[in-house]
Structure formats: C-alpha cells, structure tokens
Amino acid sequence: FEKSMKRFHIILNNLHPLRDSGNFKDFTSVADGMTSKGDLELELLILLEKSVIVSDQNDLENSEAMVLEALSKLKNSEAKVEMRDYLLTMAHMYLNGIYRRQYKHGKAASTIAVAEQVLPNSQNEITRFFKAQILYEMASNLTIYINSVPLHLSARKKLVEQSKHYLRQCIDLSIELDGGNVYIKEHQFGLLQLASLDLNCGTRAAREQITSDKCVADAQTCLRVVQEKCEDEMSEGLKIQFLRAKSDLNYRLGEFKTAQSEASQALSLAETLGFNSEIIPIQERLEDISKLITFTEMMSLEPSLEEGSVNSLSSSTVPSERNFS
C-alpha cells in the first residue's frame, strides 16, 4: 500500500501542474509514458486523469464514458488493487464534475456523496488531499445551483453560507498540504470561488440582480490575496478564472471597459489553451458588458432621454447603481 501511495503522489505531481497550465499535449505524452501493460491500478489512474482533460475540453460525453470504463474495469477485476478505494473516490469526483457542467444537479450530488463515502477514514496525506478536493467539488455544486435561485429567497442565503463553509474548510486543508509531498492548489481556486459567490455573476439572470457593497468588498479581498500570494506561480488555468473574477468585480463596480478587457484576456487564454468549458460563460459576459458600454455611451450623448426609455433599459442587463463605484 505504501508503495502504491507513493506512486500516486509521483503521478499526480507530474500530471496536475501540466493539467492546470493547459499543457494538454505534454500531459498526454507524459501520461502515455507512465502506462505499463498489465498494471491495472496504473492503467485506471491514467485513464481517470485523462478524463479530466477531456472534460476541460468540453467533451463531456466522452469524458463520462472514460470514467465509467474505469469503474467497470475496477468492479469486474479479480486482481488485488491496493488503491481501490482511492480510485473509486477519484472516479466519482470526476463524474461529479461532468454532471455539474451538464447541470444535472441530482446526479452530481449523488456521485460526490459516493466519493465522500468510499474515501478511506484515514489522516494520511493522500486521504486529506482527496478530502480537500471533495470539499471543493461540494462547494462548486452548490455554486452552480445557487445561480438558479433568486436573490430574495432565504434559501439562497443558506446555500451561499454552506458553499462558503465548504470552501473555507477546503482552503485551510489545502494550505496545510501545499508544499508537502503532493501537488495541491485548491486553496487558490477556492479563494476565486469565494469571490465568485459574492459577486454573483455566474448567469445572465444573476448579473441582473443587486450585490451588496459588503459582498463586493469581500470579493476584492479574496482577489487581492490571490494576486499577492499566487502571482508568481499562477497556472494558466487559474489565470483564466482570476481574470474572469476580476472582470466580474469591475462589472459590479461599473468599470465596464476594464471588465471587458479582463474578460477578453480570459477568453483569449481559454481559446488558445483549449479550456473549452470556460469559453461560453466568458462570451456571455462579454455580450452583456458590450451592451452596457453601448448603453452608458448613449446615455452620455443623450442626457435628455425620457425616463421611460431609461427604465425599459435598466430592467435588462444593467446592474443597479448600488454596484457602481
């Protein structure tokens, strides 16, 4: 078991930095070079890791098929697999991410529950590593669901607090593990998730809602920490999410030209590297920001617009003045 766990560390430490940097070609080359015929444990680990890249490229059906193949082989195998429980945990975590991107909230919730259930009850480093990832996935599931819940409902506030609770636990655990024997950056992504929860810009409907000044200030703090602590080691994948969050912040502050520039940078990076799952959400932000820039320019040229015209526009994609700096 100790030998298998050490191998897990080595493989994940080699592959995850390439994954986070969007270096998918080298990722595949390194992964293929690690495979060994007849070694089921290694074969399944590599297959699961490859499924994440396919998911990032937004080929969700193929990614799901790869994870289900790994689960089937693990279930039908009579050979002893030392890391069986960890492979089961990984498979269900990765399925969770796929179902979340497909907005299958029920299936996502059930798969992450299985991942949590099968994770060994241990305090070793690899168990704590997967625990941090499970907490991040649980928070991400809630964040996606929250986007569909109207701001005025009390249930939404409870969901936001629950998601933040998971993220804070994930961040604390990830910080403890960072710099140890296993590559982990969930604390960096977790801070961006906290900022995104406060900015509430995940959907067009959410962007039309009002966000409190306190939420905007809290988001600024999270982004400042990421910039100060991670700027020198920011992976390309993190940079895309950082630029998107910065764009959301400036959207809420009414700095639309800056928001447009940051979203454009995020989009260019996502398209160049092949993070296809990030492209559509950023494009939708850019469409809304472009409309707002046109609207504000029109308002500056025609200050005598009738009140009725202004009201008809303000009910679409224009944020409340409470979110302006």
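**Entry 1: the largest pocket.** I began with the lining of the largest pocket, where H7 gives the largest share, seven residues. Before going on, I noted that this is a predicted model, in which local features need pLDDT of at least 70 and side-chain atom pairs count only at pLDDT 80 or more, while totals for chains, interfaces and linings use all residues. I also noted that residues are numbered from 1 along each chain as its sequence is written, and that side-chain values use heavy atoms, with hydrogens and water left out.

I looked up the volume of this pocket and got about 1,500 Å³. There are 48 lining residues, and those closest to the centre are Arg100, Arg101, Gln241, Ser277 and Glu278. I then listed the elements that give two or more residues to this lining: H1, H3 (40-56), H5 (84-101), H7, H9, H12 (236-253) and H14 (279-301). Helices here are DSSP runs (H or I, at least four residues), numbered from the N terminus. By class, the pocket lining divides into 16 nonpolar, 18 polar and 14 charged residues. For the classes, Ala, Val, Leu, Ile, Met, Phe, Trp, Tyr, Cys and Pro count as nonpolar, Asp, Glu, Lys and Arg as charged, and the others, Gly among them, as polar.

**Entry 2: the cavity.** How many cavities of 30 Å³ or more does the structure hold? I found one. My reminder on terms: on a 1 Å grid over the protein atoms alone, a cavity is a set of points where a 1.4 Å probe fits but cannot get out, whereas a pocket is an open set with protein on both sides within 12 Å along at least five of seven lines; lining residues have an atom within 4 Å of a point. Grid points are joined across faces, edges and corners, and a volume is the space filled by probe spheres set on the points.

The largest cavity holds about 50 Å³ of space. Its lining is made of His16, Arg19, Asp20, Phe129, Gln133, Tyr183, Ile184, Lys185, Glu186 and Phe189. Helices H1 (2-20), H7 (125-146) and H9 (186-199) each give two or more residues to it, and H1 has the largest share, with three. I sorted the lining into four nonpolar, two polar and four charged residues.

**Entry 3: H1 on H7.** I looked up how these two helices pack and got an angle of about 45°, with the axes 10 Å apart. Axes are lines fitted to C-alpha atoms, for helices over the stretch in contact, and angles run from 0 to 180 degrees between N-to-C directions. That makes H1 oblique to H7; angles under 35 degrees count as roughly parallel, over 145 as roughly antiparallel, 65 to 115 as roughly perpendicular and the rest as oblique. On the H1 side, Met5, Phe8, His9, Leu12 and His16 make the contact, and on the H7 side Glu125, Ile126, Phe129, Phe130 and Gln133. Contact means heavy atoms within 4.5 Å. I counted these residues by class as six nonpolar, three polar and one charged.

**Entry 4: H6 and its partners.** The axes of H6 (residues 105-118) and H7 come within 10 Å and cross at roughly 165°. H6 is therefore roughly antiparallel to H7. Residues of H6 including Ile112 and Glu116 meet residues of H7, among them Met138 and Tyr145. This contact has eight nonpolar, two polar and three charged residues.

H5 and H6 also pack at about 165°, with axes 8 Å apart, so H5 is roughly antiparallel to H6.
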